[in-house]
Amino acid sequence: VTSQLRRGAIEHCVLALLRDRPRYGFDLVRELSEAGELLTSEGTIYPLLARLRRDGLVVTSWQESTSGPPRRYYALTDDGRSSVAAFTSEWARFRDGVDQILGLGRARTSDPAPGRNATRATTTRPVAQPEGSA
Amino acid sequence: MDTGTEHPVVAAYLAQLDAAGGDAGLSAGRRAELRAEIRAHVDDALAATAAPDAHDDTLVIGILDRLGPIEDIVAAEIGDVPRARPRKPVGDVDPAILAGHRSALPRPSTRSVILGIAVIALLLVVVGLVAGRGTRATTVAPVPVVATATPSPEAATPSG
């Protein structure tokens with residue numbers, strides 16, 4: 001489950017990290033790791049960044065580095081910025097919806113009061129029994 | 001200063017990445033980009049450690065471990081699909097999608113074209129034969145034939 005959630009959100013997190021300034025690959029990886037191991041194989045960020053570039057959401061430039069070979073910096077385009085803005089509002093709606101469902105789930109198991117939820121939670125009721133036959 | 005990419009394990013990792021990328025159909029240009037980015041990543045990761053030592057096997061292997069299996073990177077390269085495009089208004093169809101649909105339409109093969117022509121030719125011959133018989137029949141026995149085929153009361157009545 002976590003890997004699926006991660007896969008769906010990771011590119012948006014990368015774009016969000018670029019909102020303030022251009023960053024290079026390892027810089028992004030470090031931020032994603034500190035935020036909670038959002039990237040399992042760090043090397044897969046480069047195919048992801050390549051895709052974002054092909055989609056026109058980021059642009060790149062090579063810059064000299066003091067620690068070794070030149071680094072490739074990634075910067076948001078206008079489309080990339082729009083994409084982050086759209087995801088930010090969609091994510092809030094999505095998160096609220098999931099939170100609501102998860103909250104109902106917890107209330108259902110802890111609240112045995114009769115009603116719709118209690119009927120749904122009853123697992124001993126024979127499924128095949130016709131309605132009204134009892 | 002030594003860099004992490006001079007470590008033989010890193011060199012082997014980059015060579016394997018290049019070979020796997022080639023097998024997967026990545027272009028030479030893209031493979032070169034990947035090598036350059038992974039090389040910079042290793043050096044940045046090494047520089048970020050408390051005691052950078054490009055000859056420290058454990059340190060370098062740890063960096064490669066975090067980079068992940070080569071097949072993961074190559075799979076991410078070839079299995080990508082555009083997902084983070086900005087929203088388009090409804091009805092604004094991406095021409096690339098249309099082009100994709102067009103190219104996805106089945107194209108007739110030479111074999112099926114020849115087969116089709118052969119079937120049509122056979123049908124024409126059969127139709128021609130049937131039409132020929134039909135024409136002869138209609139010339140011999142047009143509408144009046146029906147009348148002559150029905151026995152007239154005179155013909156039906158015995159003359160004697």
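**Interface, core and salt bridges**

Me: What is the area buried between chain A and chain B?
Reply: The model is predicted. Carbon and sulfur atoms give 54% of the area buried between chain A and chain B. That buried area is about 2600 Å².

Me: How many residues does the contact take from chain A and from chain B?
Reply: Between the two chains there are eleven residue pairs in polar contact, with both residues at pLDDT 80 or more. There are also five salt bridges between chain A and chain B. The contact itself takes 31 residues from chain B and, from chain A, 34 residues.

Me: Which element gives the largest share of the side of chain A that touches chain B?
Reply: At least two residues each come from α1 (2–17), α2 (25–34), α3 (45–54), β3 (71–76) and α4 (78–110) of chain A. The largest share is seven residues, and the element supplying it is α3(A).

Me: How do the residues on the side of chain A that touches chain B divide into nonpolar, polar and charged?
Reply: The charged residues number twelve and the polar ones nine. The nonpolar residues on this side of chain A number 13.

Me: Is α3(A) mostly covered or mostly open, and how many of its residues are buried?
Reply: The buried residues of α3(A) include A:I45, A:L49 and A:L52. Their cover includes α1, α2, β2 (58–63) and β3 of chain A, and from chain B α2 and α4. α3(A) is mostly covered, and the number of its ten residues that are buried is eight.

Me: Which residue of chain B is among those that touch the most other members of the largest nonpolar core?
Reply: The largest nonpolar core has 40 residues, and A:V14, A:I45, A:L49 and A:L52 are among those touching the most other members. Elements of both chains each supply at least two residues of this core, including α1, α2, α3 and β3 of chain A and α2 (28–47) of chain B. Leaving out residues up to four places away in sequence, B:I38 touches A:G43 and A:Y46 as well as B:Y13, B:L14, B:L17, B:L67 and B:I73.

Me: How far apart are the closest N and O atoms in the salt bridge of B:E33 with A:R72?
Reply: B:E33 lies in helix α2 of chain B and A:R72 in strand β3 of chain A, so this pair joins two chains. B:E33 is partly exposed at a relative accessible area of 22%, whereas A:R72 is buried at 7%. The closest N and O atoms of this salt bridge are apart by 3.2 Å.

Me: Which residues join A:R72 in one salt-bridge network?
Reply: B:E37 also forms a salt bridge with A:R72, with the closest N and O atoms 3.9 Å apart. Both B:E37 and A:R72 are buried. Through shared partners, A:R72 is joined in one network with A:R53, B:R30, B:E33, B:E37 and B:E77.

Me: Why does A:D27 count as buried?
Reply: The side chain of A:D27 meets that of A:R21 in a salt bridge of 3.3 Å, N to O. A:R21 counts as partly exposed at 40% relative accessibility. Buried means under 20% relative accessible area. A:D27 counts as buried because its relative accessibility is 6%.

Definitions and conventions
Residues numbered from 1 in each chain as written. Chains lettered and ligands numbered in written order. Predicted model: local features only at pLDDT ≥ 70, side-chain atom pairs only at ≥ 80, totals over all residues. Heavy atoms only, no water. Contact = heavy atoms within 4.5 Å. Buried area = accessible area lost by both parts, 1.4 Å probe. Salt bridge = Lys/Arg side-chain N within 4 Å of Asp/Glu carboxyl O. Polar contact = N/O pair within 3.5 Å; in protein donor to acceptor, adjacent residues only side chain to side chain. Helix = DSSP H or I, 4+ residues; strand = E, 2+ residues; numbered from the N terminus. Nonpolar A, V, L, I, M, F, W, Y, C, P; charged D, E, K, R; others polar. Core = buried A, V, L, I, M, F, W, Y, C linked by side-chain atoms within 4.5 Å. Buried < 20%, exposed > 50% of the residue type's maximum accessible area, 1.4 Å probe, protein only.
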